[in-house]
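Please have the model open as you read.

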Amino acid sequence: MNKLFFILFTCLTISAVYGQEVFPFKDNNDKYGLMNEKAHIILAPHYQMIHEFSGGRALVKLNDRYGYINTAGKLVIPIQYKEAGFFKEGLATFRVDSLYGFIDTTGKIVLPAKYYYAEFFSDGLAYIENGHWNNKDFFWGFIDKKGKMIIRNKGFFPHAGFFQDGMTIVDYRDSRGGEGDGTYGYMNKTGKIVLPIKYWSASSFTEGVAFVGLPSDVQSYRLINKTGKLVSTLKFSNIKDFSEGLAAVAFCKYESDGEKCSWGYINKTGKLVIPAKYSEAEPFNKGLAAVT
């Protein structure tokens, strides 16, 4: 055991808090295997990388190609893809040459590789792109699991996100980028913009609420409902997604020796129900959350 070390402390935390049966670990030779929560090796270190399990499958990398293993460590989808994604709602993306398609958990091709770009399924829809965003024939949209185009843009948004809680984020970014790269709004599953593209930051809706950055209040996060109404008067320096009705939020201030943050938890009405007294805090799962 002294020749093994964990990727991150959070691997142990995830095992203890979330009750996962197996999780990846890395040895001194930078090879990845699987271990259960009792530190018994399920799969000896062998892969360049093992990602988290999703849909009973974990994405693995070997010789710069990707495949999938099950929780017993058995390779169930061969190492063959230049690029592949996590399983969500029973399907995962794969790439052949420069095009993306979708496979099921057996490795069967459900939708052939014909999309310039594709993201995972969520709320029954997946975001796809046809061509590069600055080409004149470019379009993006959302397809269902049969490949039917459910929403097709009209040419005025360079990007959208994934659907969650019936809404997706849309923005005016010139390319895919991070927070603060443009302005953001929300679209429903009919393709209608229901909250205007005006926020400097936006998170996905979860359990009816989302965190946004208001134009008049840069660098602070506020909680809104699906009508765009502020849920509370509190402002947050940092936030994490809602889970089991609670979200971790931070209140930070700058001092001579750096930024000092205190984390606590709010409910969906924006009320602080667990005091902000932790230096770090993670989302709840099965009634428990990891804090420092």
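Strands S26 and S27 form a hairpin with five residues between them, and Gly-270 in that turn has a positive phi of about 85°. This is a predicted model, in which local features need pLDDT of at least 70, side-chain atom pairs count only at pLDDT 80 or more, and totals for chains, interfaces and linings use all residues. Residues are numbered from 1 along each chain as its sequence is written, and side-chain values use heavy atoms, with hydrogens and water left out.

A word on terms: strands are DSSP runs of E with at least two residues, numbered from the N terminus, and two strands pair if DSSP finds at least two bridges between them.

**Around strand S26**

- Three bridges link S26 to strand S27 (residues 272-278), and the pairing is antiparallel.
- In S27, Tyr-278 is the residue that stands opposite Trp-263.
- Strand S25 (residues 247-255) also runs antiparallel to S26 (residues 258-266), with nine bridges joining the two.
- Trp-263 turns up here again, as the bridge partner in S26 of Ala-250.
- The hairpin from S25 to S26 passes through two residues.

**The open sheet**

- Follow the order S17-S18-S19-S20 to trace an open sheet of four strands with antiparallel pairing.
- At its edges lie strand S17 (159-160) and strand S20 (193-199), each of which pairs on one side only.
- Five bridges hold the antiparallel pair of strand S18 (residues 167-171) and strand S19 (residues 184-188).
- Within that pair, Val-170 has Gly-185 of S19 opposite.
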